[in-house]
Amino acid sequence: MLRRLLLCLIGVCLTFPALAMTASEVHSGFPGADRLAPAATESPVNEVYAGDELLGYAFETVDIAPIPAYSGKPVNLLVGIDPDGRLTMARVLDHAEPIMLVGIPDRKLQDFAGAHVPHHVTDALKIGDNLDAISGATVTVIVVNDTIMRAARRVAADLGLIEDPSAQPAATVRPDVFREADWQALTGDGTIRRLRLTHGEVDAAFVGTPAEDYLHTPEAPDKTFIDLYYSYLNAPTAGRNLLGERGYDRLMAELEAGEHAIALMASGDYSFKGSGYVRGGIFDRIEVSQDGRTITFHDRDHQRLGRLALDGMPRMTEKDIFVIREEAGFDPGRPWQLNLLVRRASGPLDTEFTRFSADYRVPDAYVERPEPVVERPVWVRVWHDKAFQIGVLGAGLLVLTGIMLFQDVLVRYPRVLAPLRLGFLVYTLVFIGWYGLAQLSVVNVLTFTNALITDFSWSSFLIDPMMFILWCFVAVSLLLWGRGVYCGWLCPFGALQDLVNKAARRLGVKQIQIPFGLHERLWAIKYIILLGLFALSLHSLGTAERYAEVEPFKTAITLRFQRDWPFVLYALGLVAVSAFNHKFYCRYVCPLGAGLAVPARLRLFDWLKRHRGSCGTPCQICANECEVAAIHPDGRINANECHYCLDCQVTYHDDRRCPPMIKRRKRYEKAARLAGARPGAETHDSGQAGSSKLQPIPIHQED
């Protein structure tokens with residue numbers, strides 16, 4: 001008996017892990033709470049009480065919607081909702097986000113979570129609109145927002161507070177359902193709905209607002225302010241009866257797939273279109289909302305509705321059709337609201353507005369609802385939202401691929417290559433770095449290695465499309481060209497150092513040259529740092545991420561120098577050093593560069609060309625001019641240290657600077673002079689016997 005009791009207790013604990021929370025933990029969202037009790041749901045949710053009064057529900061998101069964040073682990077939050085489905089509390093309990101562990105104060109993430117209160121669980125909260133973003137932590141806040149709202153909706157749906165909006169896809173209209181009906185019948189069965197407001201009702205809505213002192217109540221407060229009727233026209237019973245057979249067919253032919261039309265008809269003193277509407281603008285007095293999404297109408301969405309001859313229809317002064325476009329994601333099978341916005345002056349230049357909403361639900365007989373589908377992963381939505389950044393990044397990588405593939409042609413035209421490289425460095429710093437925040441880091445390498453050892457999940461890496469695409473490109477480029485393509489072309493902090501050094505050289509700043517023997521030994525520092533971070537990551541990934549602050553990327557690129565002054569001084573110091581010694585940090589300190597150099601040893605091709613027997617013995621032009629000193633005195637290029645700037649390849653083909661090429665040019669010129677000096681060389685026909693043709697001496701890529 002005792003054994004059974006223990007097993008039951010263990011089962012309860014496993015089933016309801018959230019019951020470990022106490023009433024004091026939820027006081028911030030439920031003042032006066034004195035006890036918790038398990039809710040009657042499959043998910044571990046607590047009912048929050050003050051005596052016998054139900055205040056709401058509290059739960060941990062990791063038990064409801066464990067969405068992996070950038071670190072690969074979910075952000076766990078304590079969330080509370082009231083019996084009406086409004087959020088009362090959202091507090092971060094635990095996370096492993098590297099950008100938040102060191103760099104961005106944890107308070108910012110707590111404030112971001114708290115900003116969801118007191119929104120309703122069905123609200124569509126958008127970062128940058130309803131919620132303020134956290135610079136440098138875009139992916140993290142997207143996941144936190146999605147975690148809070150998705151978990152809250154699931155709990156509210158389980159409790160019966162709302163209908164689950166993810167339970168089924170959009171319904172479709174049944175084109176074969178039609179019956180003839182007059183105005184009275186259509187308004188009686190809900191096909192046509194009505195919103196009537198009086199002047200007194202509208203003025204009463206502004207009482208208690210700054211506009212209250214500016215109200216001018218009419219002599220007859222019961223006078224009609226607006227008498228508005230509205231209907232969903234795609235349904236044949238509504239559309240054919242209102243528009244007639246030909247009008248309905250013409251409207252349906254104009255609508256694209258996924259588009260919907262509603263009719264608005266009104267009389268009274270207030271116009272739902274407004275006299276201030278101009279072509280190209282937005283109708284600012286009406287909008288449609290569904291499941292927290294707001295749909296506004298532009299001039300291209302508007303059509304005038306002609307004369308209607310429906311029996312019993314009252315006289316209307318305004319009759320118009322508005323089209324809901326496919327991108328709005330409108331579902332005719334779900335309830336929606338028509339919102340009428342009314343403005344009132346609250347000062348000489350200020351106005352207040354209030355919204356009057358009227359519900360609408362397409363009669364069930366008019367639509368067909370398909371089977372439910374699974375919710376889209378958050379990474380899919382992130383990729384959709386970042387389509388512009390993905391497109392621009394893809395274009396840039398395509399250009400870089402072309403540069404790498406046709407490098408042998410481009411290096412022969414330094415006047416084209418030089419500005420092309422300069423422009424690409426600016427693109428890397430500004431777009432990839434400061435705008436896209438796609439600065440790769442050794443933390444990514446450690447996280448990926450840790451994921452392979454523990455619980456690898458593609459969704460963790462797909463959640464940031466810019467970083468994912470860059471890493472895929474880097475993986476391919478490592479096999480083809482080595483680490484230099486990323487370090488020399490795609491690293492934002494590397495581009496910043498490169499641009500600063502170019503500016504310094506233009507200003508005549510003297511460069512500090514380190515002897516090659518010492519320089520060669522300093523290379524080892526970054527590999528030692530990489531090994532130390534890797535060893536720390538095996539013990540604690542969080543600790544390794546903190547010590548990875550040896551990288552200034554987070555400060556200089558991700559946070560754009562908006563950080564505590566010690567970090568800013570460190571990053572600025574490295575940038576300043578780069579003005580005197582080209583890419584000092586990249587050459588000697590960067591653990592990411594070291595991490596890329598290890599797999600780069602498996603590269604399949606050696607694209608960079610050298611003159612065998614000439615480069616380095618005795619010619620040292622390329623070795624002396626290599627800005628990262630990746631060329632040994634004997635002429636060999638160290639691919640592990642090369643940043644692929646292609647300067648040495650420009651010199652390789654320059655027959656005015658490269659000694660082997662100068663010799664070949666002179667030999668060619670001498671042969672040309674000798675051929676031109678032969679008697680009759682320019683007079684006899686090339687087709688005659690004994691004719692002589694000038695045969696150029698072939699110039700081989702390698703000697």
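## Around A50

A50 touches G32, D34 and L55, if you skip residues up to four places away in sequence (touching, or contact, means heavy atoms within 4.5 Å). You'll find A50 in strand β2, residues 46–50; strands (E, at least two residues) and helices (H or I, at least four) are DSSP runs, numbered from the N terminus. At 23% relative accessibility, A50 counts as partly exposed, because that class sits between buried, under 20% relative accessible area, and exposed, over 50% (1.4 Å probe, protein chains only).

A quick word on the model: it is predicted, and local features need pLDDT of at least 70, side-chain atom pairs count only at pLDDT 80 or more, while totals for chains, interfaces and linings use all residues. Numbering starts from 1 along each chain as its sequence is written, and side-chain values use heavy atoms, with hydrogens and water left out.

## The nonpolar cores

The largest nonpolar core has 72 residues, and those with the most contacts inside it are L393, M404, Y486, L490, F493 and L646. A core here is a set of buried Ala, Val, Leu, Ile, Met, Phe, Trp, Tyr and Cys residues joined through side-chain atoms within 4.5 Å. Take L490: setting aside neighbours within four places in sequence, L490 is in contact with L397, L400, F424, T428, I432, L470, F473 and V485. Another core, of 37 residues, lies apart from that one, with Y57, I142, V155 and I463 among its members.

Helix α15 (residues 465–480) has 16 residues and reaches 23 Å from first C-alpha to last, close to the 22 Å expected at 1.5 Å a residue; the expected span is 1.5 Å times one less than the number of residues. Its buried residues are P465, M466, M467, F468, I469, L470, F473, V474, S477 and L478. After α15 comes G482, with a positive phi near 100 degrees.

Helix α27 (residues 659–677) has 19 residues and reaches 27 Å, close to the 27 Å expected. Buried in α27 are P660, M661, I662, R664, R665 and A675. Their cover includes α26 (647–652).

## Rings and charges

A search of the whole structure turns up 23 aromatic pairs. Rings of Phe, Tyr and Trp (its six-membered ring) pair if their centres lie within 6.5 Å; planes under 30 degrees apart are stacked, over 60 edge-to-face, and the rest tilted. F424 and W489 have ring centres 5.8 Å apart and planes at 70 degrees, so they are edge-to-face. This pair links distant parts of the chain, 65 residues apart: F424 is in helix α12 (residues 414–435), W489 in helix α16 (residues 484–490). Both F424 and W489 are buried.

The charged end of R421 sits over the ring of W489, 4.7 Å from its centre. That call needs NZ of Lys or CZ of Arg within 6 Å of the ring centre and within 35 degrees of the ring normal. Likewise, the charged end of R563 sits over the ring of F567, 3.8 Å from its centre. Elsewhere, ring pairs link Y230, Y232, F330, W336 and Y360 into a cluster.

C619 is in no disulfide either, with the nearest cysteine sulfur, that of C658, 5.8 Å away. C619 is buried too, with a relative accessible area of 19%.

Technical notes:
A disulfide is a pair of cysteine sulfur atoms within 2.5 Å.
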